[in-house]
Amino acid sequence: MNSLLLRIFCIILCLLVLISAPLYGQFQKDIRFTTIDNTNGLPGNTVTSIIKDDLGFIWIGTSDGLCRYEGKNIVKIYRANQPNVEGGLENSNIRSLFLDSKKNLWIGTRLGGLTKFHQPSGTWKTYRHDEDNPQSISNDEILIINEDQQGRIWVGTEDGLNVLDPETEVFTSFLTDKNDPYAIKGKAVLSICIDDQQKIWVGTWGGGVNLLIESENSDLSKARFRQFYPTPDLGAKNIWKVYQDRQQRYWVGSRGAGLFLMNVPEALAENTADKNIHPSFYQYKYDNAKDKESISNDHLEDIYHDVRGNLWIGTTNGLNCIYSRELNKAFKENDQNPRLKFHVYTKNPNNISSINNNNVNTIFEDDQGLLWFGTYSGVSQYNWFTNQFEVFNIVDDISKTPNTQNLYVDKKGVIWFGFGDSGILKYDVQKNEQKLFDLKDGSLKDNYVYTLYSPDHEHLYIGTEKGVIVLNMKTNTSKIYDHPNNLDGGKGFLFIRSIFVDQQKRIWVGTLTGLYVINQETGISKKYDHHQDDPASISDNSVNQVYQDSNGDIWITSFRD
């Protein structure tokens, strides 16, 4: 890495500290942050999972490697195909982590299969899908991992639920089948909750909450499923998290319909197959009129009940907390439909004492009661005893531009950084000049920036919640493509995951709610949706990336591919 790139790398780490926002404790105390710099930072900008092993090491899964945090200034990084690691990972994009009862660290990767790392012996083993072997894992993209009381490993993938017998190393797979009413619903399995009764609840994309019904002789090949949809809302079919808290209450987090309290009758645990017995759901959605008390966003990422009784909810737009005192009081007043008050914490570019990103992917609490929040910009850690946060900011190798969703470095070494709803931070390394860049047309005002992309180092495509802005970086002129009214039912929410400009200068926009293509000359956009009965339609509405090969063919990867 040359001196200019090294300088940029260090500057970006400093800028990441500046974009944080206040996260106050229950008693509104001041919060202090410290930062890990480039000599001991983590490799990937997105943190997906955090766990602690029995030796005391914190393991952090990122989009560009597995990290073992051994203490301040000591981070060991594992990536795919490392020559000094025999076996090792087969993909560096980590999606999930789990530590089983036998001290095995299970690592779920994106398209690299399921990897088992046994620390005492230092051995690695990866399980991959084999089309010729029905007893192999059903898919190589691993989304969630859990273990039941019998030591069986349950694995949710992009295509089905799997259970691994650790003795025989044989997988039993459960796949969706529209012709079988007792098959699991939803292709992708996002959450596996094994409750205090050892009942297995599965959150799926498009198939709601599924409850596994084992046969009388516990023959898994004969297991069936029941499906529950919290509400008729489309978003309620997309279940990101099923969670049982320390008081045995069930919480369900959706992608688009908010948070649900799932009330499970005692009789259901005794007779899961009885169709007359089913759970009821109470919904908590974002309410603009009550935004100071409602949940901050209807797209949930994670749910966690800490040792002090506080319930934390990570969303794509803010960290939420229901404090224990208020939570207990609400359930005493109404244990079926409690009225909950959500304390919302978001970043503020003018205050360095904050959580480092609004998108909170994962929440973890270690044995010392420290809370770890994994986000799109690293890890924020909170210590209740010292009332202090530590922020671990994570930056990819910036020589690979554009590299992260909201970061772009042009060929002159100018850094462009999506600054939430405050615009874009622009930093000229050579001139040592920085400014908060806000377009003259006001299009960035109160408009959250999700994605930055440039195909030519001249035009910067800015993906925002209200549409796509194309900025000419030489003339500082811009053009706005408002998001189509038909996107997300016209509700005004647009979460852009990626932008790509093809050889015909068309703008391809991947979002959580579909793919659309903009003709830059006419401004007309066309939306593409997934249709279950049309095999020629896009595979899923949650689009991850779009790119074009040397033959001019367009390739689209969806979040559920």
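Val209, Leu211 and Ile213 point one way from strand 16, Asn210 and Leu212 point the other way, and all are buried (under 20% relative accessible area with a 1.4 Å probe, protein chains only; over 50% is exposed, and in between is partly exposed). Strands here are DSSP runs of E with at least two residues, numbered from the N terminus. With five of its five residues buried, strand 16 (residues 209-213) is largely enclosed by the rest of the structure.

This is a predicted model, where local features need pLDDT of at least 70, side-chain atom pairs count only at pLDDT 80 or more, and totals for chains, interfaces and linings use all residues. Residues are numbered from 1 along each chain as its sequence is written, and side-chain values use heavy atoms, leaving out hydrogens and water.

| Partner of strand 16 | Sense | Bridges | Source |
|---|---|---|---|
| Strand 15 (residues 200-204) | antiparallel | three bridges | DSSP |
| Strand 17 (residues 224-228) | antiparallel | five bridges | DSSP |

Now for Asp298, found in the loop between strand 21 (280-284) and strand 22 (300-305). Asp298 is in contact (heavy atoms within 4.5 Å) with residues including Ser254, Arg255 and Tyr284, leaving aside neighbours within four places in sequence. A polar atom of the Asp298 side chain lies 2.7 Å from the backbone nitrogen of Tyr286.

Conventions. Helix = DSSP H or I, 4+ residues; strand = E, 2+ residues; numbered from the N terminus. Pairing = 2+ DSSP bridges. Polar contact = N/O pair within 3.5 Å; in protein donor to acceptor, adjacent residues only side chain to side chain.
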